[in-house]
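Here are my notes for your first look at this protein. Please keep the structure open while you read.

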Amino acid sequence: MHAQDYVAAIIFGALIGVVARVLLPGRQQIGLILTVLIGMGAAVAGTWAADRWGWHSTHHFEVTGRTFDWLVVAVQIGIAVVGVAIAAMLARAFSTDRADD
């Protein structure tokens, strides 16, 4: 692995995290760094899950010389949506700013 691979992983993880936040309805009280970290974790977990269970499609797209499988990306985004939802729920549960008090 080269330094550019790590940069690509961070950018791709950030993109997956942002897409997950856009797809999740409502406002999430989590920051950008946590969103990127969730996206990166979802990218790793989604790749592992797709490889583990053989979820691959014949539809691919290419970005800067790297080929991505649409089904794997969909799994990654699905995991990121769940991760962002859990993080937002925990942030709301442990928030000291309560409107219902």
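This is a predicted model: local features need pLDDT of at least 70, side-chain atom pairs count only at pLDDT 80 or more; totals for chains, interfaces and linings use all residues.

Which element gives the most residues to the lining of the largest pocket? Keep that in mind; point 3 has the reply.

1. The protein has three helices and two strands. Read from the N terminus, their order is α-α-β-β-α.

2. Next, the dimensions and the burial. The C-alpha trace spans about 55 × 30 × 20 Å along its principal axes. The protein has 101 residues, and 29% of them are buried. Here, buried means under 20% relative accessible area.

3. Now the largest pocket. Its volume is about 710 Å³. In total, 28 residues line this pocket, and Ala8, Ala9, Phe12, Arg66 and Phe68 are the closest to its centre. Two or more lining residues come from each of α1 (3–23), α2 (32–53), β1 (60–63), β2 (66–69) and α3 (70–93). The most come from α1, which gives nine.

4. What is the lining of the largest pocket made of: nonpolar, polar or charged residues? The count is 18 nonpolar, six polar and four charged. A probe the size of a water molecule, rolled over the atoms, shows where empty space is left.

5. Finally, look at the surface. A nonpolar patch is formed there by Val82, Ile86, Met89, Leu90 and Phe94. Together these residues have about 520 Å² of accessible area. Where does Met89 sit? Methionine 89 belongs to helix α3.

Note on methods
Residues are numbered from 1 along each chain as its sequence is written. Side-chain values use heavy atoms; hydrogens and water are left out. On a 1 Å grid over the protein atoms alone, a cavity is a set of points where a 1.4 Å probe fits but cannot get out, and a pocket is an open set with protein on both sides within 12 Å along at least five of seven lines; lining residues have an atom within 4 Å of a point. Grid points are joined across faces, edges and corners, and a volume is the space filled by probe spheres set on the points. Helices (H or I, at least four residues) and strands (E, at least two) are DSSP runs, numbered from the N terminus. Ala, Val, Leu, Ile, Met, Phe, Trp, Tyr, Cys and Pro count as nonpolar, Asp, Glu, Lys and Arg as charged, and the others, Gly among them, as polar. Patches are made of residues with over 30% relative accessible area and no salt bridge: like charges are joined within 9 Å, nonpolar side chains (Val, Leu, Ile, Met, Phe, Trp, Tyr) within 5 Å. Accessible areas come from the Shrake-Rupley method with a 1.4 Å probe; for residues, only the protein chains shown count as cover. A salt bridge is a side-chain nitrogen of Lys or Arg within 4 Å of a carboxyl oxygen of Asp or Glu. Buried means under 20% relative accessible area, exposed over 50%, partly exposed in between (1.4 Å probe, protein chains only).
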